[in-house]
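Keep the view open as you read.

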Amino acid sequence: LQNPRLFDAFLAFQSWKLAITDDPKGFTSNWVGHDVCNYRGVYCAPAPDDPGVITVAGVDLNHADVAGVLPEELGLLCDVALFHLNSNRFQGSLPAEFCKLKLLFELDLSNNLFCGGFPAVVFKLPSLKFLDLRFNKFVGDVPPEVFDLQLDALFLNDNAFKLTLPPNLGNSPVSVLVAANIFGFGILPPAVGQMAETLNEIVLLNSGLLGSLPDEIGQLTKLTVFDVGFNHLIGTLPESIGKMVSLEQLNVAHNKLTGNIPEGICLLPRLQNFTYSDNYFCSVPRSCQNLSPDDGDENCIPCKADQRSPLEC
Ligand SMILES: *[C@@H]1O[C@H](CO)[C@@H](O)[C@H](O)[C@H]1NC(C)=O
């Protein structure tokens with residue numbers, strides 16, 4: 001009844017079960033016996049390279065609240081395409097043997113207790129498209145090479161990562177990049193404009209951005225969400241934002257931006273929410289005042305309510 005791949009998977013899951021220290025919901029309670037395809041959270045399918053052979057294609061422990069570590073034996077799951085561990089209490093880091101998961105497409109480690117440096121083993125996963133590391137305890141530099149990976153989505157937010165957005169950011173084909181709430185430092189490089197073909201959402205909230213926004217953001221005509229709130233941005237908003245025709249959510253609040261808000265922003269056809277409070281803007285075009293909500297408190301705009309004192313301005 002078994003094939004060698006399912007036997008390897010059996011060894012992998014039994015090692016993993018030994019590495020689990022708490023399972024309050026009994027999620028892994030049926031991880032007994034050789035029939036791994038019936039284990040809770042385990043999904044089997046015909047092997048891509050040999051459709052006559054059944055193999056483990058997916059592991060989904062989302063919201064299992066399991067505590068433990070990931071053992072090296074997980075490298076035996078060499079046909080796995082989806083590996084989802086959202087909302088558990090796994091610690092430690094990714095095993096080096098993960099490099100054997102050549103078909104791994106989606107890796108979701110979000111909302112766990114993973115720690116240590118950026119899990120460099122992801123650079124050895126040629127099929128990886130979706131990498132979600134958010135809400136963990138990862139520390140240290142995010143290697144610039146992460147932007148050379150052929151990813152579709154990258155979530156780094158809510159870790160103790162250090163990130164300086166490098167010039168090769170422009171090489172990244174992601175549609176979604178979330179790097180909020182990390183120890184970022186540096187500017188948004190002009191190369192961000194090179195992401196125009198694919199970028200749909202970029203969230204750099206509270207990520208230590210300095211300097212001013214580059215004119216090149218105007219090239220991002222497919223972008224729907226641009227969030228750079230709670231940073232240290234200075235200078236004026238580029239007029240080119242008026243070319244970001246897909247923009248729905250624009251958040252530049254809680255920075256040190258100055259000057260006039262370009263008229264083109266509030267004429268964007270899909271804009272639903274433009275938040276610019278807590279800056280030093282000195283005028284807002286009428287088109288913006290018609291937006292609802294009009295979220296522009298704590299600026300230096302004459303005849304507008306809830307502005308900074310003349311002294312501050
Ligand atoms: C608008 O965006 C801001 C900043 O992202 C957010 O705090 C606020 O809740 C949004 N408002 C609406 C009505 O969606």
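## Disulfides, salt bridges and a ligand

Cys266 and Cys288 form a disulfide, with their sulfur atoms 1.7 Å apart; the term covers a pair of cysteine sulfur atoms within 2.5 Å. The model is predicted, so local features need pLDDT of at least 70 and side-chain atom pairs count only at pLDDT 80 or more, while totals for chains, interfaces and linings use all residues. Residues are numbered from 1 along each chain as its sequence is written, and side-chain values use heavy atoms, with hydrogens and water left out.

Back to that link: the torsion about the S-S bond of Cys266 and Cys288 is 90°, and the link is right-handed. Cys266 lies in helix H2 (residues 263-266) and Cys288 in helix H3 (residues 286-289), so the pair ties together parts that are 22 residues apart in sequence. Helices here are DSSP runs of H or I with at least four residues, strands are runs of E with at least two, and both are numbered from the N terminus. What about the surroundings of these cysteines? Cys266 is buried, with a relative accessible area of 9%, and Cys288 is buried at 0%. Buried means under 20% relative accessible area, exposed means over 50%, and partly exposed lies in between (1.4 Å probe, protein chains only).

By the sulfur rule, the count comes to three disulfides. Here they are side by side.

| Disulfide | S to S distance | S-S torsion and hand |
|---|---|---|
| Cys37 and Cys44 | 2.0 Å | about -90°, left-handed |
| Cys266 and Cys288 | 1.7 Å | 90°, right-handed |
| Cys300 and Cys313 | 2.1 Å | about -95°, left-handed |

Counting the bonded cysteines along the chain, the disulfides follow the pattern 1-2, 3-4, 5-6. In the pair of Cys37 and Cys44, Cys37 is partly exposed at 25% relative accessibility, and Cys44 is partly exposed at 26%.

Which cysteine sulfur is nearest to that of Cys78, which is in no disulfide? The nearest one belongs to Cys99, and it is 11 Å away. Cys78 itself counts as partly exposed, at 35% relative accessibility. Cys303 is another cysteine to look at: the closest cysteine sulfur, in Cys313, is 13 Å from its own sulfur, too far for a bond. Cys303 is exposed, with a relative accessible area of 89%.

Now for the charged pairs. How many salt bridges does the structure hold? There are nine salt bridges, each being a side-chain nitrogen of Lys or Arg within 4 Å of a carboxyl oxygen of Asp or Glu. One of them joins Arg89 to Asp22, where the closest N and O atoms are 2.8 Å apart. Arg89 lies in strand S6 (residues 89-92) and Asp22 in strand S1 (residues 20-22), so this pair ties together parts that are 67 residues apart in sequence. Arg89 is partly exposed, with a relative accessible area of 26%, and Asp22 is partly exposed at 32%.

Glu97 and Lys100 form a salt bridge as well, with the closest N and O atoms 2.4 Å apart. Glu97 counts as partly exposed at 27% relative accessibility, and Lys100 counts as partly exposed at 42%.

For the salt bridge of Lys222 with Glu197, the closest N and O atoms are 3.3 Å apart. This pair links distant parts of the chain, 25 residues apart: Lys222 sits in the loop between strand S15 (201-203) and strand S16 (225-227), and Glu197 in the loop between strand S14 (183-184) and S15. Lys222 is partly exposed, with a relative accessible area of 40%, while Glu197 counts as exposed at 62%. Elsewhere, a network of salt bridges links Arg5, Asp49 and Asp79.

Finally, the ligand. Which residues are around the ligand? They are Asn251, Asn273 and Thr275, where a residue is near a molecule if one of its heavy atoms lies within 4 Å of it. An N or O atom in the side chain of Asn273 is 2.4 Å from an oxygen atom of the ligand. For Asn251, an N or O side-chain atom is 3.4 Å from a ligand oxygen, and a polar side-chain atom of Thr275 lies 3.3 Å from an oxygen atom of the ligand. Taken alone, the ligand exposes 370 Å², and the protein buries 39% of that; accessible areas come from the Shrake-Rupley method with a 1.4 Å probe, and for residues only the protein chains shown count as cover.

Note on methods. Polar contact = N/O pair within 3.5 Å; in protein donor to acceptor, adjacent residues only side chain to side chain.
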